[in-house]
Amino acid sequence: MGESVAGLSDDAPLRIRRPSPFDFADKVTPAAPHWPPMPPPQPVTVIHLHPAAPPKPAWGQPCNGCGVCCAWQPCPLGVLVSRRRHGACDALRWHGDGPSPHYRCAMVAAPQQVWPWLPRGLRPAVQALARRWIAAGAGCDCDAEASATD
Ligand code: SF4
Ligand code: SF4
């Protein structure tokens with residue numbers, strides 16, 4: 001996965017656990033023998049992010065560009081861009097320069113990076129649409145629980 005998305009690194013895997021049971025997962029934690037019986041294991045997905053990426057904030061807090069949501073699964077716009085429903089979005093870009101390294105959506109920042117065929121005159125419209133579509137600036141809307149793993 002790290003090879004297909006700019007900026008993603010295999011050096012810093014994250015375990016993503018989603019509270020909702022209505023989601024597919026790449027990997028399920030195996031049940032360990034235990035008494036009394038433990039509740040069923042939660043589905044766990046492992047994603048890879050840049051080691052310098054900021055930690056994911058809580059749901060509803062300001063977005064800090066941690067990249068968890070877009071590296072986990074694409075939003076509706078990302079499904080269109082990436083032509084798949086699972087895995088890292090093709091529009092996710094790492095911005096490592098500057099005092100606050102972060103991930104950013106290329107459809108908002110520079111859609112021509114994702115769609116090179118896009119006429120220059122249409123870029124502002126696509127950027128505005130993308131901003132509205134992904135509700136940029138509305139706070140973190142990702143309910144995944146993310147924790148670093150070895
Ligand atoms: S919406 Fe949340 S999970 Fe997605 S990049 Fe922003 S802070 Fe990270
Ligand atoms: S916000 Fe942008 S980078 Fe993230 S999933 Fe949607 S289209 Fe992809």
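The protein has 4 helices and 6 strands, where a helix is a DSSP run of H or I with at least four residues and a strand is an E run of at least two, both numbered from the N terminus. This is a predicted model, in which local features need pLDDT of at least 70 and side-chain atom pairs count only at pLDDT 80 or more, while totals for chains, interfaces and linings use all residues. Residues are numbered from 1 along each chain as its sequence is written, and chains are lettered from A and ligands numbered from 1 in the order in which they are written.

Along the sequence the order is β-β-β-α-α-β-β-α-α-β. Of the 150 residues, 27% are buried; buried means 20 or more other C-beta atoms within 10 Å of the residue's own, exposed means 12 or fewer, and partly exposed is in between, with C-beta atoms placed from the backbone. Two residues are in contact if their C-beta atoms, placed from the backbone, lie within 7 Å. Of the contacts between residues at least 6 apart in sequence, 57% join residues at least 24 apart.

Next, the core. A nonpolar core is a set of buried Ala, Val, Leu, Ile, Met, Phe, Trp, Tyr and Cys residues joined through C-beta atoms within 7 Å. The largest one has 26 residues, and those with the most contacts inside it include Val68, Cys70, Ala91 and Met107. Two or more residues each come from α1 (68-72), β4 (92-95), β5 (102-105) and α3 (106-109), with α1 giving the most, 5 residues. Beyond its neighbours within four places in sequence, Met107 touches Leu77, Val81, Ala91, Val114, Val126 and Ala130 by the contact criterion.

Now β4 and β5. They run antiparallel and are joined by 4 bridges; pairing requires at least two DSSP bridges. Trp94 stands opposite Tyr103 in β5. The hairpin has 6 residues between its strands, and Gly98 there has a positive phi near 95°.

Another positive phi, about 60°, is found at Arg83, which is not a glycine. Arg83 sits in the loop between α2 (76-82) and β4. Arg83 is exposed, with 9 other C-beta atoms within 10 Å.

Last, ligand 2. Among the residues around ligand 2 are Cys70, Cys75, Cys89, Cys105, Met107 and Ile134, where a residue counts as near if its C-beta atom, placed from the backbone, lies within 6 Å. α2 contributes the most to this shell, 3 residues. The shell divides into 11 nonpolar residues, 1 polar and no charged; Ala, Val, Leu, Ile, Met, Phe, Trp, Tyr, Cys and Pro count as nonpolar, Asp, Glu, Lys and Arg as charged, and the others, Gly among them, as polar.
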